[in-house]
Amino acid sequence: MDELQHCSSGSRWTVVVTVAVLLLIGSVIPLPLPRYSEFGRLGPDKFLHFVGHVGLATTLVNALETERHGERTAVLLAITGSTTYGIITNSIQQWVPKRSPEHADMIAGFLGSVVGAVAGNTWNNSYNP
């Protein structure tokens, strides 16, 4: 993340797009293994949704704060953007074999978005006092 502190605004948006594309790919790849009922609603995919949205929201905050947005605005935009992206990618899953949209995926994405936006903002403040 330290490297992002020294990147141009365009480079930061390239990182955001890269993370978003990776998240989309991860969301639309058909699952090769069956779902185990022992997992219930909290399968390992929820952790992956959480981590993916932590990454997306963190990079969004980093890019938005360099665009002259205030901290609060950048955090709110990052949470909103990452969560909206999660809702869209979750909806796309209805057309992917062996995938289906789940509310728990959206909740994990939202929680990851909040953690990522707050962590990204905290990280930015620690390098730009």
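Helices, taken as DSSP runs of H or I of at least four residues, and strands, taken as runs of E of at least two, are numbered here from the N terminus. The model is a predicted one, in which local features need pLDDT of at least 70 and side-chain atom pairs count only at pLDDT 80 or more, whereas totals for chains, interfaces and linings use all residues. Residues are numbered from 1 along each chain as its sequence is written, and side-chain values use heavy atoms, with hydrogens and water left out.

The secondary structure of the protein amounts to 5 helices and 0 strands, and along the sequence the pattern reads α-α-α-α-α. Of the 129 residues in the protein, 36% are buried, where buried denotes a relative accessible area under 20%, exposed one over 50%, and partly exposed a value in between, with a 1.4 Å probe and protein chains only. Contacts are defined by heavy atoms within 4.5 Å; of those in the protein with a separation of 6 or more, 77% are accounted for by residues 24 or more positions apart.

The expected span of a helix is 1.5 Å times one less than its number of residues. For α3, with 23 residues, this rule gives 33 Å, and the end C-alpha atoms are 34 Å apart, which agrees. Following α3 is Arg68, whose phi is positive, near 70 degrees. Helix α4, residues 71-92, has 22 residues and reaches 31 Å from its first C-alpha to its last, close to the expected 32 Å. The buried residues of α4 are Ala74, Val75, Ala78, Ile79, Ser82, Thr83, Gly86, Thr89 and Asn90. Because these buried residues fall within an arc of 150 degrees when α4 is seen down its axis, they line one face of the helix, the arc being that of the directions from the helix axis to the C-beta atoms. Arg72, also in α4, is by contrast exposed, with a relative accessible area of 69%; its C-alpha atom is separated by 9.6 Å from that of Val118, 46 residues apart along the chain.

A nonpolar core is understood as a set of buried Ala, Val, Leu, Ile, Met, Phe, Trp, Tyr and Cys residues joined through side-chain atoms within 4.5 Å. In the largest such core, which has 14 residues, Leu56, Leu60, Ala78 and Ala117 touch the most other members. At least two residues of this core are supplied by each of α2 (9-28), α3 (44-66) and α4, and the largest share, 6 residues, comes from α3. In soluble globular proteins, nonpolar side chains tend to be buried together.

Two leucines illustrate the surroundings of individual residues. When residues up to four places away in sequence are not counted, Leu60 touches Trp13, Val16, Ala78, Gly81 and Ser82. Leu64, which lies in α3, is buried, with a relative accessible area of 8%, and, neighbours within four places in sequence being left aside, is in contact with Trp13, His69, Ala74, Leu77 and Ala78. The C-alpha atoms of Leu64 and Arg12, 52 residues apart along the chain, are separated by 9.0 Å.

Helix α5 comprises residues 103-127 and includes Asn121. Asn121 has 10% relative accessibility and therefore counts as buried; apart from neighbours within four places in sequence, its contacts are Val61, Glu65, Glu71 and Val75. Trp123, likewise placed in α5, counts as partly exposed at 34% relative accessibility, and lies 8.9 Å from Asn62, C-alpha to C-alpha, at a sequence distance of 61 residues. Val51, found in α3, counts as partly exposed at 41%; Val51 and Ala108 are 57 residues apart in sequence and 8.7 Å apart in space, C-alpha to C-alpha.

Grid points are joined across faces, edges and corners, and a volume is the space filled by probe spheres set on the points. By this rule the protein has 1 cavity of 30 Å³ or more, and the largest cavity has a volume of about 70 Å³. Its lining is formed by Ser27, His49, His53, Thr83, Gly86, Ile87, Thr89, Asn90, Gln93, Asp105, Met106 and Gly109. Helices α3, α4 and α5 each supply at least two residues of this lining, of which the largest share, 5 residues, comes from α4.

Notes
On a 1 Å grid over the protein atoms alone, a cavity is a set of points where a 1.4 Å probe fits but cannot get out, and a pocket is an open set with protein on both sides within 12 Å along at least five of seven lines; lining residues have an atom within 4 Å of a point.
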